[in-house]
Amino acid sequence: MNRKITILGNSTAGAAAAAVLSKHNTVTVTMDPADCADAASMCWLPTKPNSAS
Amino acid sequence: MRRCREYVLVAYKTKFSKLKKNYDTAAIEKALPEVRKAAPTAYIAIQSAVPLGFTYNMGVHLLCDCIFVCPALVRPSFEMQDMEPPSRIVVGASKYKPELVAAATQFAQLLAEGAENDPPILCMSDTEAEASALFADTFRALKAGFFNELDTYAETKGLHREDIIRAVTLDPEIGQSLSIPNFGVIAVSANQLETSYDDVPQRGAAPQHLISAAAKTGRSRRSGA
């Protein structure tokens, strides 16, 4: 079953959680670009909606 | 029974407000009603550092039973390293809300399945999970502060600090982590925990002394640097 997880906020820990959760085939992780741009860049994450394949 | 597979992870940075003597949670308090409006059936996981009881109070304030806490439990600047092979995953939800406990556990399992190791999952009440994060962070501040004070003493007395630190930390019960003296880190969690002890009565060797020391040691080291 597909699960949708949205990450809100500007913490690097949130971006790290997004990176871990994105490994799932059945999880769609979305980050708010306005909130997460800095944090995501520190964790080498895209800030666009990311669907793990 | 509500069938919901959607989660929102709230992960704002929170700073300690000296004025309020508490974490400044304004960003989270602003975001939560908006999340409830945009995704009324979603479960909300709070990952940010928050004062004790914050998650419970927000649930009461927003009249909802969909908020649980999933503290980050990572070291500053080592978020990725600590999150990919986590030592444990903690989630906290009211034990009187079994559906929320199940959702929180499922969220923890998602984090565990994405990890490189097989971390234990600990499920407890929301306030206990908040306390776990604060106490873990404060212990790190205490240990770092201890070796900073060892460093200060060695320097003052003309002693070789590396030799002393090596001799001390080769004890497996002490260990080498956090044993490198630094300029002092402001222990935000210790400040928050110090505030939380305000209504705890003193008994003998009061634990407040240790928590207060953790809060003060980083400040004094930085001001002396």
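In this predicted model, strand E1 of chain A (residues 3-8) pairs with strand E1 of chain B in the parallel sense, over 5 bridges. One of the residues involved is A:Ile7, whose bridge partner in E1(B) is B:Leu9.

This pairing belongs to a contact between the two chains that takes 22 residues from chain A and 24 residues from chain B. On the side of chain B that touches chain A, two or more residues come from each of strand E1 (6-10), helix H1 (26-38), helix H3 (79-83) and helix H4 (98-114) of chain B. E1(B) supplies the largest share, 5 residues. By class, this side of chain B holds 15 nonpolar, 6 charged and 3 polar residues.

In soluble globular proteins, nonpolar side chains tend to be buried together. Here, the largest nonpolar core has 66 residues, and those with the most contacts inside it include A:Ala17, B:Leu9 and B:Phe68. Helix H1 of chain A (residues 12-21) gives the most to this core, with 8 residues. The core also draws at least three residues from each of the two domains of chain B, domain 1 (7-124) and domain 2 (131-224).

A:Ala17 illustrates how the chains meet. Beyond its neighbours within four places in sequence, A:Ala17 is in contact with A:Ile7 and with several residues of chain B, among them B:Leu9, B:Met83 and B:Leu111.

Within chain B, the C-alpha centres of domain 1 and domain 2 lie 27 Å apart. The two domains touch through 10 residues of domain 1 and 10 residues of domain 2. On the domain 1 side of this contact, 8 residues are nonpolar, 1 is polar and 1 is charged.

Conventions
Residues are numbered from 1 along each chain as its sequence is written. Chains are lettered from A and ligands numbered from 1 in the order in which they are written. This is a predicted model: local features need pLDDT of at least 70, side-chain atom pairs count only at pLDDT 80 or more; totals for chains, interfaces and linings use all residues. A nonpolar core is a set of buried Ala, Val, Leu, Ile, Met, Phe, Trp, Tyr and Cys residues joined through C-beta atoms within 7 Å. A residue is buried if 20 or more other C-beta atoms lie within 10 Å of its own, exposed if 12 or fewer, and partly exposed in between; C-beta atoms are placed from the backbone. Helices (H or I, at least four residues) and strands (E, at least two) are DSSP runs, numbered from the N terminus. Domain bounds come from an automatic or database domain assignment. Two residues are in contact if their C-beta atoms, placed from the backbone, lie within 7 Å. Ala, Val, Leu, Ile, Met, Phe, Trp, Tyr, Cys and Pro count as nonpolar, Asp, Glu, Lys and Arg as charged, and the others, Gly among them, as polar. Two strands pair if DSSP finds at least two bridges between them.
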